[in-house]
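Subject: Structure handover

Hello,

Here is the structure I said I would pass on. Please open it alongside this note.

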Amino acid sequence: MTQQPLTLEQLEPLELQAPVVAPRRPSPAPTATPPLRMTDFSASYAGRPAVAGVTLDIPAQSVTAFIGPSGCGKSTLLRSINRLHETIPQATTAGRIELHGEDVYGPGVDPVVVRQRVGMVFQRANPFPAMSIRDNVLAGAKLRRQRLSKTAAAELAESALRAANLWDEVKDRLRQPGAGLSGGQQQRLCIARAIAAQPEIILMDEPCSALDPISTLAIEELMATLRRDYTVVIVTHNMQQAARISDQTAFFSASALRQPGRLIEYDDTTTVFSHPGEQATADYIAGRFG
Amino acid sequence: MTAEDRRRPPAPPADPRPISALGRGDGPEGEHGAEAGQSRPDQGLSSERTLGLEQVLSLEQALGPELPSLGRWPQTGPSPAPGAGRWAETTARRLVTGAGGLIVAVLASVALFLLAQGWPALGAGAGQLPAGATDFWSLAWPLAFGSIWASALALLLAAPLATAIALFTVHYLPRRWRPLLSTAIDLLAAVPSVIYGLWGLMVFAPLVAHLYPWLNAQLGWLPFFAGRPSATGRTILTAALVLAVMIVPIIAAVAREVMAQTPVGSIEAAVALGATRWETARLAVLPWSRSGIVAGSMLGLGRALGETMAVAMVLSPTPFWVSLRLLESTNPNTVSAFIAQTFPEAHGLQVNSLIALGLILFALTFVVNALARRVARPRTVRERPGGGLGRRRPALAGASLGSGR
Ligand SMILES: Nc1ncnc2c1ncn2[C@@H]1O[C@H](COP(=O)(O)OP(=O)(O)O)[C@@H](O)[C@H]1O
Ligand SMILES: [Mg+2]
């Protein structure tokens with residue numbers, strides 16, 4: 001069976017009818033192109049590469065952890081996937097990133113459409129402060145659909161909040177501002193917001209680094225359920241966390257200060273943590289640098 | 001309540017000290033230290049302090065022991081250094097207190113002047129008032145109406161335009177062009193009103209006079225545009241338009257500064273959700289800057305209410321006229337323009353009545369200012385540890401946020 005590359009036009013109408021949260025995913029086929037493929041990808045700030053020569057495939061319905069010392073370009077790489085990187089003046093990219101076989105940086109590709117297909121959760125929770133919890137959850141979904149009936153909106157909000165493990169805590173105060181929640185709840189609200197937009201992939205940039213251990217645990221538990229439906233890429237500084245929650249681990253590092261970060265090793269998480277193929281990986285995991 | 005909530009460490013207690021107690025200086029604070037059985041090297045200084053205003057300003061601290069909610073001066077910590085540092089501290093404190101007191105005194109003196117000199121006019125009768133008025137209120141209320149009407153129209157026209165200009169400057173314009181447009185707007189805000197008056201009278205009014213018959217034909221079914229359009233164009237609408245031109249840069253400048261402070265976290269949240277540029281403005285920039293835009297608008301409204309020269313030059317008023325019609329050659333006058341036009345010829349009680357009109361204007365602007373304060377209060381969004389809006393990244397301009405749909 002030959003796999004036709006899906007175009008954006010094919011993807012859009014498919015999902016517009018679906019009332020509840022379901023990740024947009026082409027029908028699984030054994031030879032399917034991975035949801036995310038990077039080929040010799042580099043990203044620079046004002047001509048200075050932050051991360052260079054990255055080639056990797058990320059399989060569907062799994063959690064992939066990006067680990068590595070600070071400044072090796074993990075965030076930059078993540079922000080390149082949904083074309084957020086280019087919103088910084090003089091930021092440039094080279095190489096390819098494909099979403100289900102389609103070049104994200106291809107000619108004529110609207111970054112707005114790319115961002116609707118890729119959800120993102122940031123290091124610091126950023127709910128819209130003037131909006132209620134419910135409107136926060138529905139913000140992305142409302143951008144994509146002309147009209148969302150009242151019941152459809154309520155269902156979508158509930159299922160997204162359930163998927164983000166937040167429903168029970170906020171179901172009685174959906175009309176209250178999202179900024180009134182605790183840090184951990186705000187972060188899960190942001191995850192719910194990303195889910196409600198029905199992305200193909202969810203990117204998370206150190207989503208727990210600003211949270212206390214209990215909130216962190218809540219989000220780690222969430223990852224285990226998210227993995228069933230979504231393709232998740234998470235940047236983390238926490239080795240234990242990467243080991244606990246991820247299926248694959250990609251280790252990035254720069255050879256020297258002011259050098260771009262590079263992909264050193266990419267494998268199953270168990271392999272990376274038990275038998276790393278590179279000395280640098282072993283040293284980093286053992287806490288000898290970084 | 002979740003485990004997460006319960007285990008969250010309690011927030012540090014809010015600092016109960018009033019701002020006036022935040023300076024580590026001399027004076028009554030030293031006395032408190034002494035009351036609490038602590039000797040401080042600066043006790044002698046407090047007896048020197050005889051300035052009345054200073055005492056008023058430190059009343060709050062003097063009441064400290066009786067009102068625990070006001071807090072106490074901290075009794076631990078390093079003692080202030082003696083010598084030159086102390087002298088500078090005291091001098092600076094007196095200078096700034098004097099400056100603060102001065103402005104309060106000036107304001108009080110203006111208010112007193114208006115009240116004392118304006119009062120007699122309230123009882124004035126026919127023959128004693130300007131413009132042949134029979135009693136003060138029949139003179140005052142059409143003018144007050146004119147001021148409010150012209151300013152409200154100006155605000156209605158200016159606020160949306162200024163918001164659009166600010167949004168364009170901050171959110172659409174490539175970063176390198178931003179200073180250019182900002183400077184141009186700031187310059188416009190500094191143009192003296194007499195210049196706007198000249199321009200309005202000689203250029204703008206004749207121009208719009210050609211437009212008014214058309215407006216009258218198209219929208220004449222609305223009471224505002226009914227009647228016979230003025231041939232000179234010197235109508236209340238023209239005056240309001242000139243006022244709008246004057247206050248647009250003020251509102252735009254305030255709105256621009258507020259919009260530029262939108263947290264990057266909010267903007268990126270919107271952009272990452274797939275918002276277009278306009279949707280990002282709607283989701284992140286405009287909600288954030290709402291109160292700032294309102295505050296800027298109130299500032300502009302205040303300016304429009306008090307504007308004298310431009311209105312006096314542009315508007316062709318009719319005494320005692322009250323009408324909502326915008327295009328006719330009979331128009332209400334404004335308080336400030338009337339005062340300026342009438343004052344050179346005024347004598348006796350007429351002067352008092354003009355001062356009383358000034359009092360009305362004073363009260364109007366005061367109300368507008370109080371309203372502005374109310375709406376412009378700092379936003380009350382609580383920032384929780386670990387939550388919050390994210391750091392600022394001075395970026396996201398002139399970059400490709402997407403072409404939109
Ligand atoms: N907005 C920016 N402008 C210029 N350089 C940046 C910017 N953001 C990050 N960098 C640089 O890019 C490199 C990679 O940063 P980042 O992707 O944040 O690394 P990581 O997430 O792995 O800590 C660093 O050297 C950093 O200084
Ligand atoms: Mg980072």
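Predicted model: local features only at pLDDT ≥ 70, side-chain atom pairs only at ≥ 80, totals over all residues.

**Chain B overall**

Chain B has 15 helices and zero strands. Of its 405 residues, 44% are buried. Take the contacts in chain B between residues at least 6 apart in sequence: 78% of them join residues at least 24 apart.

**Two crossing helices**

Look at H7 (residues 136–172) and H12 (residues 277–306) of chain B. Their axes come within 8 Å. They cross at roughly 145°. The crossing of H7(B) and H12(B) is right-handed.

Which residues meet there? On the H7(B) side they include B:Ser147, B:Ile148, B:Leu155, B:Leu167 and B:Tyr172. On the H12(B) side they include B:Arg277, B:Trp278, B:Val285, B:Ile293 and B:Leu305. By type, the residues of this contact between H7(B) and H12(B) are 14 nonpolar, six polar and one charged.

**A covered helix**

H14 of chain B spans residues 335–342 and is mostly covered. Six of its eight residues are buried. They are B:Val335, B:Ser336, B:Ala337, B:Phe338, B:Ile339 and B:Thr342. What do these buried residues of H14(B) pack against? Their partners in chain B are H7, H12, H13 (309–314) and H15 (349–375).

**Nonpolar cores**

The largest nonpolar core has 43 residues. Within this core, A:Val137, A:Leu161, A:Ile191, A:Met204 and A:Leu226 touch the most other members. A:Met204 is worth a click. Setting aside neighbours within four places in sequence, A:Met204 is in contact with A:Leu78, A:Val121, A:Ile191, A:Met223, A:Leu226, A:Val232, A:Val233, A:Ile234 and A:Val235. A second, separate core has 42 residues. Among them are B:Ile185, B:Leu237, B:Leu305 and B:Leu315. B:Leu305 is also one of the H12(B) residues in the contact with H7(B).

**Cysteines**

How many disulfides are there over all chains? A search of the whole structure finds zero. A:Cys72 is in none, and the nearest cysteine sulfur, that of A:Cys208, is 18 Å away. A:Cys72 counts as buried because its relative accessibility is 1%, under the 20% cut-off.

Best wishes

Technical notes:
Residues numbered from 1 in each chain as written. Chains lettered and ligands numbered in written order. Heavy atoms only, no water. Disulfide = S-S within 2.5 Å. Buried < 20%, exposed > 50% of the residue type's maximum accessible area, 1.4 Å probe, protein only. Axes fitted to C-alpha atoms, helices over the stretch in contact; angles between N-to-C directions. Helix = DSSP H or I, 4+ residues; strand = E, 2+ residues; numbered from the N terminus. Left-handed = near helix turned anticlockwise from the far one by under 90°. Contact = heavy atoms within 4.5 Å. Nonpolar A, V, L, I, M, F, W, Y, C, P; charged D, E, K, R; others polar. Core = buried A, V, L, I, M, F, W, Y, C linked by side-chain atoms within 4.5 Å.
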